[in-house]
Amino acid sequence: MEYMVIIIYNDKEGGCFMENIKIREYQQQDWQRLIEIHDKARTNELQLAGLNDAFLPLAEAAFREGLFEYTICVATISKEVLGFAAYTEEELAWLYVDPAYNHRGIGKSLIEYVIKNITKRPIHVEVLAGNEPAINLYKSMGFETVEVCSGSMPGNESFHVTVHCMQKF
């Protein structure tokens, strides 16, 4: 199933741009691009959370955390993969956008797609404490923090993390 979104946004110089964002199912040929996106974006995410040393490249994290047990979709502009999400019937577990394309509606479009494809409510998502851009994005999409939890980092259990457990009802 494909999903098309047209985003109009203003750049820093005051120009106005329109993007056609297409969301589609993951395909095997997307793997290398997912690695590039995850590894850049995850580094930023962990830095915001003060967990720089917890980084694992996607080639390792995907297997430790069971990425391929989820439904995976990708966001493209002009056929270039710029972001991806992975989800189940009740949880949005992975969401990464190429940092060079932040603030262009790609993350929001992926979240909208997942919301439309998950029929069970509430939808759950966990966001690392300190990742205010992600927390604010989810809040803007109707998610609420229901609890702040602490524990071991999935896939890299030697690190202790605090997360915002968020839900959309």
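Arg42, Ala54, Phe55, Leu56, Ala61, Glu65, Met153, Pro154 and Asn156 line the largest cavity of this predicted model, where a cavity is a set of points on a 1 Å grid over the protein atoms alone at which a 1.4 Å probe fits but cannot get out, and lining residues have an atom within 4 Å of a point. The model is predicted, so that local features need pLDDT of at least 70 and side-chain atom pairs count only at pLDDT 80 or more, while totals for chains, interfaces and linings use all residues. Residues are numbered from 1 along each chain as its sequence is written, and side-chain values use heavy atoms, with hydrogens and water left out.

**Overall architecture**

- The secondary structure of the protein comes to four helices and eight strands, where helices (H or I, at least four residues) and strands (E, at least two) are DSSP runs numbered from the N terminus.
- Read from the N terminus, the order of the elements is β-β-α-α-β-β-β-α-β-α-β-β.
- Of the 169 residues of the protein, 46% count as buried, a class that means under 20% relative accessible area, with exposed set at over 50% and partly exposed in between (1.4 Å probe, protein chains only).
- Among contacts between residues at least 6 apart in sequence, 58% join residues at least 24 apart, a contact being heavy atoms within 4.5 Å.

**Cavity and pocket**

- The structure holds one cavity of 30 Å³ or more, and about 30 Å³ of space lies in the largest cavity, with grid points joined across faces, edges and corners and a volume taken as the space filled by probe spheres set on the points.
- The lining of the largest cavity divides into six nonpolar, one polar and two charged residues; in this scheme Ala, Val, Leu, Ile, Met, Phe, Trp, Tyr, Cys and Pro count as nonpolar, Asp, Glu, Lys and Arg as charged, and the others, Gly among them, as polar.
- The largest pocket contains about 1,200 Å³ of space, a pocket being an open set with protein on both sides within 12 Å along at least five of seven lines.
- This largest pocket is lined by 44 residues, of which Glu45, Leu95, Tyr96, Asn131 and Ala134 are the closest to its centre.
- The elements that give two or more residues to the lining of the largest pocket are α1 (31–48), β5 (92–97), α3 (106–117), β6 (123–128), α4 (132–140), β7 (144–153) and β8 (156–168).
- By class, 25 nonpolar, eleven polar and eight charged residues make up the lining of the largest pocket.

- Strand β3 (residues 71–77) is largely enclosed by the rest of the structure, because six of its seven residues are buried.
- β3 and strand β4 (residues 80–87) pair in the antiparallel sense over seven bridges, pairing being assigned if DSSP finds at least two bridges between two strands.
- Threonine 71 has tyrosine 87 of β4 as its bridge partner, and in the hairpin, which has two residues between the strands, serine 78 takes a positive phi near 50°.
- Glycine 83 is found in strand β4 and is buried, with a relative accessible area of 0%.
- Not counting residues up to four places away in sequence, glycine 83 touches Ile37, Cys73, Val74, Ala75, Tyr96, Val97, Ile106 and Leu110.
- The C-alpha atoms of glycine 83 and isoleucine 37 are separated by 6.7 Å, although these residues are 46 residues apart along the chain.

**Aromatic pairs**

- The structure holds six aromatic pairs, defined by rings of Phe, Tyr and Trp (its six-membered ring) whose centres lie within 6.5 Å, with planes under 30 degrees apart counted as stacked, over 60 as edge-to-face and the rest as tilted.
- One of these is the tilted pair of tryptophan 31 and phenylalanine 68, at 5.4 Å centre to centre and 50° between the planes.
- Tryptophan 31 lies in helix α1 and phenylalanine 68 in the loop between α2 (58–64) and β3, so the pair ties together parts that are 37 residues apart in sequence.
- Tryptophan 31 counts as buried at 17% relative accessibility, whereas phenylalanine 68 is partly exposed, with a relative accessible area of 40%.
- Phenylalanine 84 and tyrosine 96 form another tilted pair, 5.8 Å centre to centre with 35° between the planes, and both residues are buried.
- Tyr26, Trp31, Phe63 and Phe68 form one aromatic cluster.

**Two further buried residues**

- Aspartate 98, in the loop between β5 and α3, counts as buried at 3% relative accessibility.
- Leaving aside neighbours within four places in sequence, aspartate 98 is in contact with Arg33, Ile37, Lys40 and Leu82.
- Isoleucine 23, in strand β2 (residues 16–25), is buried with a relative accessible area of 0%.
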